[in-house]
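This report is for a reader new to the structure shown below.

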Amino acid sequence: MRAVTRLGFTSALALMLAVPAFADTLYNNLTPNGLIGIASRPDQAVFEIETADDFFLASQSLITSASFIGLIVPNTGATASVSAINAEIYRIFPLDSNTARVPNVVTRVNSPSDVAFDERESQSAELIFTTSVLSATFTVANSIQPGGVHALPNQTTGGNGPLTGQEVMFTLTFTTPFNLPNNHYFFVPQVAVNGGQFYWLSASRPISGAGTTPFPAGVTDLQVWTRDQFLDPDWSRAGMDIVGGANAPTFNAAFSLEGSAVPEPAGLETLATGLGLLIGLMRFRRYQRSAS
């Protein structure tokens, strides 16, 4: 009977271990390169600006936290402080979009959709955040500042020039995680700064963050898009459309996402079977001891 019991425990453990383990890092490109900083802020007494970069989920996943790196530039004579942060998830056009209207931009192909798929706000306690200064003085070679986004045919400005400020990492914890089906998405962080302005920093393209392979074969790493409330619901490409030029650049943005893949139903059934078998064997062993 001991041999049978031992065999039963081994079988139960094998069933439980058959449920796959998932990495904690879902996307990682926290590699700012100083090429550009792009404004992104919620609608709080000033007009809204959204800046988006993409990521890919190979399976349904819970996103529990995120990090991103940006530049905080104080207003002249002011002390800047972060007052609120929004985090939004967009799907790719034409999902969640009005395809009957005529866009006011060069293209909507591979842009974020018209409206967000899901979002969290610090002011609603849906996320909490911390900040850490990485560098007291950091300069970007170019920028897209508030007022620097325009509709067709005036979309190409070359950018708004260099900026210097504090390089800051923001770490978000989602009190209600994002539960996202496997798909291609855009991540949009918006930072409200009292006495200053936030600019999301560009990052390496192709990505160079350790720990993930976020764009499998056949999935393109898309570039950064941006818009303000006057361009809404359209988006423009930060590099191709706004900076422009004969050899127009393309940008990624510095961010990472953490969480876990959601087990497939078969995996959950296997786990439940294994747990049930273990519980049954434990009860059987207790019965054996009480009967002896």
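How many helices and strands does the chain have?

## Overview

The model is predicted. Its chain has 3 helices and 15 strands. Of the 292 residues in the chain, 45% are buried.

Among contacts in the chain with a separation of 6 or more, 85% are between residues 24 or more positions apart.

Strands of a sheet pair through backbone hydrogen bonds, in a parallel or an antiparallel way. Here, 6 strands form an open sheet with antiparallel pairing, in the order β6-β5-β10-β3-β12-β13. Its edge strands, β6 (118-121) and β13 (236-237), each pair on one side only.

Within this order, β5 stands next to β10. Strand β5 (residues 81-90) and strand β10 (residues 183-194) run antiparallel and are joined by 9 bridges.

## The nonpolar cores

The largest nonpolar core has 41 residues. Phe55, Phe68, Phe187 and Leu257 have the most contacts inside this core. Strand β9 (residues 163-180) gives the most to the core, with 6 residues. Another core, of 12 residues, lies apart from the largest one and includes Ile69, Leu163, Tyr199 and Ala254.

What does Leu257 touch, not counting residues up to four places away in sequence? Leu257 touches Phe55 and Phe187, and also Asp24, Thr25, Leu26, Tyr27, Ile63, Ser65 and Ala66.

Technical notes:
Residues are numbered from 1 along each chain as its sequence is written. This is a predicted model: local features need pLDDT of at least 70, side-chain atom pairs count only at pLDDT 80 or more; totals for chains, interfaces and linings use all residues. Side-chain values use heavy atoms; hydrogens and water are left out. A nonpolar core is a set of buried Ala, Val, Leu, Ile, Met, Phe, Trp, Tyr and Cys residues joined through side-chain atoms within 4.5 Å. Buried means under 20% relative accessible area, exposed over 50%, partly exposed in between (1.4 Å probe, protein chains only). Helices (H or I, at least four residues) and strands (E, at least two) are DSSP runs, numbered from the N terminus. Contact means heavy atoms within 4.5 Å. Two strands pair if DSSP finds at least two bridges between them.
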